[in-house]
Amino acid sequence: MNFFNSHDSRWIGMGNSDAAPYFFTKFDCNETQGAQVAVCGLGYYELYINGRKVGDRVLEPIVSVYDQRARYNVFDVSEYLVQGVNSVGVILGHGWYDHKVKEVWNFENAYWRHFPKLRLEMRAADGSLLLASARSWMGSTEGPITHTQLRNGEHYDARREFPGWPAVDFVPDSRWRNAATCAAPGGILEEETALPCRVVRTFDIAGRPNIFGVYDIGTNLAGRCRITVRGTVPGTMVVLNYAERITEDGEISGLAQDSFVKSGKYQHEEYFLKGDGTDEVWESRFTYHGFRYVNVVIRNGEASLLKIEVREICTDLTSVGTFESSSADLNRLQELTRVSFLANFVGIPTDCPHREKNGWTGDAQLACETGLYNFNPAASYEQWVDTLRDCQRHSGELPGIAPSAGWGYNWGNGPNWDGALFVVPYNVYLYAGDDSMLRKNYEAMRRYLDFCDSVSDDDIVVFGLGDWCPPKGMKMVGSFFSTTAAYYGLVVMFAEIAAHFGRTDDVKRYREKAQLIKDSFNRKFYNGNGVYADGGLTAQGTPLYFGLCRDGEGKAVLQTLVSAAERCGCTAQFGILGAKHVPRALAENGYADLALRFFMQENYPGWVNWLRRDAVSLWETWDGASSRNHVMFGDLSAWLFRYAAGFKHQPENPGWKRLSICPENLKALDSVRSEYRGFVSHWTRDKGVFTLEVTVPERCIADVVMPDGTAKVCDAGK
């Protein structure tokens, strides 16, 4: 159905206010079946028809670069309508669109920023217009949501509720006036096709809080709490503060969480009771928090806290992969990786759910394969990459975060981060067999490579971040080493993409360019005798991972890497780039057992060391001093699927209809069982005998290769 083509439909708003605007109207409807509504409420909205919320989505629409594109949702509303008079109510939240909070990323000065606004059209099954947003709608900013900001939190005063809103018999009082027609956000309007955000899990907080009123929910997630309270003093306030850590004394701690936000309280909610003696149930609507702990206190009166529930929020992804092994530590790390991936996918892929909520491109591309092995994020990746492309400057330059309000172009980017424009679409093509993202972003990719060429010196890229977050105090290989290696990888990948589309001129141009970069990289960074740059783990693993070694030198470089890994006891002497490049380079070159030791050894720095220190999600830094819910070290899950279970996608057969299953016979494990999109790889080793059982789903094929090289093509079945 073609929406938003009617002159009767207008953007409406209620002006600048910290409060959430409420809207209300009535209309007549004779035919309810097949009716659909399209709604774009910026920054977030909730839609009600005849007193019922439409759908179960939250935090919609997903953030975009609003002056480039704004997204709307379409709902079939047949079940909500009645013949005769119907009522419609909408609440708007400020979200990313009207971000008032001062912080270091400059969203309070975003060029798209304006007060919350709404556009809505409802059409009958035959396409005729039933209802449209217009100035005749009633609106108010004097309702119960008195403050709502994504990074601060939400305040709700139940004494200010509109009795009866938004049922048909609701009669607006003096707090209501006509809505104002306002300017459009400036971008194209397109339907949202990404998977929606939802409350995916609700659970009670067990046990009592500590003496400071702090509850430990036992995990670290994205979401908020729902409280049930009862009191007889109107205006009694319930305060909720969220954090991922507590002090040694047990108080809530904002350490490494709220340092970048410069105005207002952080991850903070306030609820003011009606105080009529009935049970009052409340949760915030237009924000979410990243937390393990929540502090709940009652002020300015008396009330009973009857129940507190955790409401986990993320993009409603479906699980498509599982992994378990004979190692409890690996199983726990797999679980924690999934926890951090979900907590960092609330509409878009983010770095952390508390401190920033930013769409960091480096985190997204590093965790992309982990996401695709475990879940089904392809549709959400597609619209996020559209947002990244909308951030691209005419020069081809990209920011380190998407969306961006102008921050991240001159620091925080570079090929290892900006490569998300290439890596995410390519992996979606490889894993799902859909090349539409490659086609859509082809010209943007080429423009970016031209930009890199314009800021390189003899094909050495001289901007961008390198191996981020190494162990504290450790000096890592220079950033130009890492950025140039990534640049090479993107050029090689783009040549493959060009070949896929039959763009022969681009194939020739970028293969030649790749050779020039490779030659320059080796002149600049290769010392001979198998040693690159400083000879550290990242310096050795990166050229092996990207295929940058000179002909005949790969074995020597590999042996230097092996020696370095053994010398440090496979402790994680690298940052987020080395954490992916080193284990993969070792596994691809016959040292999977050595690679696995990085994931299983207990000493600092390392993944299992986090477990020994009570980690319930993946951390941002090896020492745990910063965020404790990042997914950028999460490629370990993809490694387990790819090498321990053996699931590998074939570039010549993209998608999952035909997979390779070639598990490694890992000495530290006695068994692995992994399922991926109906394929099952289950191996055991008993008294030295390796046994592999494979299940192939209907209409699929598996090319199975045993550790000893024995190969077999398996059709559907076990």
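**Salt bridges, buried and exposed**

Modeller: E244 is buried, and R245 is buried as well. Mind that this is a predicted model, where local features need pLDDT of at least 70, side-chain atom pairs count only at pLDDT 80 or more, and totals for chains, interfaces and linings use all residues. Residues are numbered from 1 along each chain as its sequence is written, and side-chain values use heavy atoms, with hydrogens and water left out.

Colleague: What makes E244 and R245 a salt bridge?

Modeller: Their side chains meet at 4.0 Å, N to O. A salt bridge needs a side-chain nitrogen of Lys or Arg within 4 Å of a carboxyl oxygen of Asp or Glu, so the pair counts.

Colleague: How many salt bridges does a search of the whole structure find?

Modeller: It finds 50. One of them joins the side chains of R52 and E79, at 3.1 Å, N to O. R52 sits in strand β5 (residues 52-53) and E79 in the loop between β6 (69-76) and β7 (84-93), 27 residues apart.

Colleague: Why is E79 called exposed?

Modeller: Its relative accessible area is 56%. Exposed means over 50%, buried under 20%, and partly exposed in between (1.4 Å probe, protein chains only), so E79 is exposed. R52, at 38%, is therefore partly exposed.

Colleague: What about R69 and D390, buried or exposed?

Modeller: R69 and D390 are both buried. Their side chains form a salt bridge at 2.5 Å, N to O. R69 lies in strand β6 and D390 in helix α4 (residues 378-390), so the pair ties together parts 321 residues apart in sequence.

How values were computed. Helix = DSSP H or I, 4+ residues; strand = E, 2+ residues; numbered from the N terminus.
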